Amino acid sequence: MAPDKLVYMANQIATFFKSQPEGEGVDGVANHISDFWEPRMRKQLFDMIAEGNADFHPLVIKAAPKIRKVKETA
């Protein structure tokens with residue numbers, strides 16, 4: 001997926017949840033991405049966060065440790 005599209009989608013999810021108390025918002029973002037994003041998208045998200053060059057909403061960054069990890073294939 002184009003990196004800017006992935007950032008846009010993640011930030012839209014964060015915008016939806018930002019009106020909730022922070023803990024609930026973080027959990028909401030993490031649960032939504034874990035439940036609805038395919039593994040390739042989640043892997044790309046983790047890679048982009050690790051590189052530190054994407055403009056993710058702070059809720060996305062805070063939710064990242066709670067997002068279901070992608071199993072490595074051998």
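This is a predicted model: local features need pLDDT of at least 70, side-chain atom pairs count only at pLDDT 80 or more; totals for chains, interfaces and linings use all residues.
The expected span of a helix is 1.5 Å times one less than its number of residues.

**Helix α1**

Select residues 3-17, which form α1. At 1.5 Å a residue, the 15 residues of α1 should span 21 Å, and the end C-alpha atoms lie 22 Å apart, in agreement with that expectation. Next, colour L6, V7, A10, N11, I13, A14 and F17, the buried residues of α1. These residues cover an arc of only 155° around the axis, and therefore lie on the same side of α1. Turn to the other side of α1, where D4 and F16 are exposed. The buried residues of α1 pack against α2, α3 and α4.

**The aromatic pair**

A pair of aromatic rings is described by the distance of the centres and the angle of the planes. A search of the whole structure finds 1 aromatic pair. In it, the ring centres of F16 and F17 are 5.0 Å apart and the planes stand at 90°, so the arrangement is edge-to-face. F16 is exposed, its relative accessible area being 58%, whereas F17 is buried at 14%.

**Helix α2**

Proceed to residues 22-36, helix α2. Its 15 residues should span 21 Å at 1.5 Å a residue, and the distance of 21 Å between its end C-alpha atoms agrees. Select G25, V26, G28, V29, A30, I33 and S34, which are buried in α2. The buried residues of this helix pack against α1 (3-17), α3 (39-51) and α4 (58-63).

**The nonpolar core**

The largest nonpolar core contains 20 residues. To find it, select L6, V29, I33, W37, L45 and F56, the residues with the most contacts inside this core. At least two residues of the core come from each of α1, α2, α3 and α4. The largest share, 6 residues, is supplied by α1.

Centre the view on F56. Which residues is F56 in contact with, leaving aside its neighbours within four places in sequence? They are L6, V7, A10, N11, L45, M48, I49 and I61.

**Salt bridges**

Side chains of opposite charge can pair when their charged atoms come close. The count in this model comes to 5 salt bridges, and three of them are visited here.

- Select K66 and D27, whose side chains meet in a salt bridge at 2.6 Å, N to O. K66 lies in the segment after α4 and D27 in helix α2, so the pair ties together parts that are 39 residues apart in sequence. D27 is partly exposed, at 31% relative accessibility.
- Select D35 and R68, which form a salt bridge at 3.3 Å, N to O. This pair links distant parts of the chain, with D35 in helix α2 and R68 in the segment after α4, 33 residues apart. D35 counts as exposed at 52% relative accessibility, and R68 is partly exposed at 43%.
- Select D47 and K43, whose closest N and O atoms in their salt bridge are 2.9 Å apart. Both residues lie in helix α3, separated by 4 residues, about one turn of the helix. D47 is partly exposed with a relative accessible area of 34%, and K43 is partly exposed with 38%.

Key: Residues are numbered from 1 along each chain as its sequence is written. Side-chain values use heavy atoms; hydrogens and water are left out. Rings of Phe, Tyr and Trp (its six-membered ring) pair if their centres lie within 6.5 Å; planes under 30 degrees apart count as stacked, over 60 as edge-to-face and the rest as tilted. Buried means under 20% relative accessible area, exposed over 50%, partly exposed in between (1.4 Å probe, protein chains only). Contact means heavy atoms within 4.5 Å. A nonpolar core is a set of buried Ala, Val, Leu, Ile, Met, Phe, Trp, Tyr and Cys residues joined through side-chain atoms within 4.5 Å. A salt bridge is a side-chain nitrogen of Lys or Arg within 4 Å of a carboxyl oxygen of Asp or Glu. The arc is that of the directions from the helix axis to the C-beta atoms.
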